[in-house]
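Q: I have a model open and would like to learn how to read its features one by one. Could you walk me through it?

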Amino acid sequence: VGEREELGAQLSRLDDVIIEELTRIDARVKGETNEVARRTETQVATLLETLDSKLNDSVEALSAQQKSHADTIVAAIGRIPPPPAPPPPQEGPSFTWSSNVGRPDSSSKRAPGSGAVRPGAARR
């Protein structure tokens with residue numbers, strides 16, 4: 001029985017040593033994890049700043065390029081000659097629409113029964 005008590009005490013001390021060692025390992029891993037997390041956070045922040053800077057540079061370059069293209073287009077439009085002036089109106093016969101087309105107008109009425117018809121007038 002004394003041997004069992006001795007083995008029990010040794011196992012108990014071994015448990016204590018194992019628990020202490022696991023506690024130290026746990027603390028070291030947590031410390032390393034925190035350090036890795038801190039470094040990662042710093043690297044991510046640096047990358048974001050770099051990306052932001054490059055994006056701003058790209059936006060500025062595209063804006064300048066767009067302005068250059070717009071200036072080129074405006075200059076090209078300025079070089080297009082204006083369209084020719086329309087020809088002056090020509091004097092000639094003017095026509096007006098009348099509701100009595102095909103009938104003699106009132107100024108040229110003939111006497112009833114004369115039977116005369118203007119040349120080109122429609123017969124009824």
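Predicted model: local features only at pLDDT ≥ 70, side-chain atom pairs only at ≥ 80, totals over all residues.

Q: Which residue meets Glu 6 in a salt bridge?
A: That partner is Arg 13, with 3.9 Å from N to O.

Q: How should I read a pair within a helix, and where do Arg 28 and Glu 32 lie?
A: Check the spacing along the chain as well as the distance between atoms. Arg 28 and Glu 32 both belong to helix α1 and are four residues apart, about one turn of the helix. Their closest N and O atoms are 4.0 Å apart, and the two residues form a salt bridge. Glu 32 counts as partly exposed, since its relative accessible area is 45%.

Q: What is the spacing between Arg 38 and Glu 35?
A: Here it is three residues, again about one turn of the helix, with both residues in helix α1. Arg 38 is partly exposed because its relative accessibility is 46%, and Glu 35 is partly exposed because its value is 31%. Salt bridges that share partners can be read as a network, and one such network joins Glu 35, Arg 38 and Arg 39.

Q: Now for nonpolar side chains: which residues form a nonpolar patch on the surface?
A: The patch is made of Leu 11, Leu 14, Val 17, Ile 18, Leu 22, Ile 25 and Val 29. Together they have about 600 Å² of accessible area.

Q: Is Leu 22 exposed or buried, and why?
A: Exposed means over 50% relative accessible area. Leu 22 counts as exposed because its relative accessibility is 51%. Leu 22 lies in helix α1, which covers residues 2–79.

Q: Stepping back, how many helices and strands does the protein chain have?
A: The protein chain has one helix and zero strands.

Q: And what share of the protein chain counts as buried?
A: Of its 124 residues, 0% count as buried. The accessible surface of the protein chain comes to about 11900 Å², and carbon and sulfur atoms account for 60% of that area.

Terms used. Residues numbered from 1 in each chain as written. Heavy atoms only, no water. Patch = residues over 30% accessible without salt bridge, like charges linked within 9 Å, V, L, I, M, F, W, Y side chains within 5 Å. Areas by Shrake-Rupley, 256 points an atom, 1.4 Å probe, with all protein chains shown as cover. Helix = DSSP H or I, 4+ residues; strand = E, 2+ residues; numbered from the N terminus. Buried < 20%, exposed > 50% of the residue type's maximum accessible area, 1.4 Å probe, protein only.
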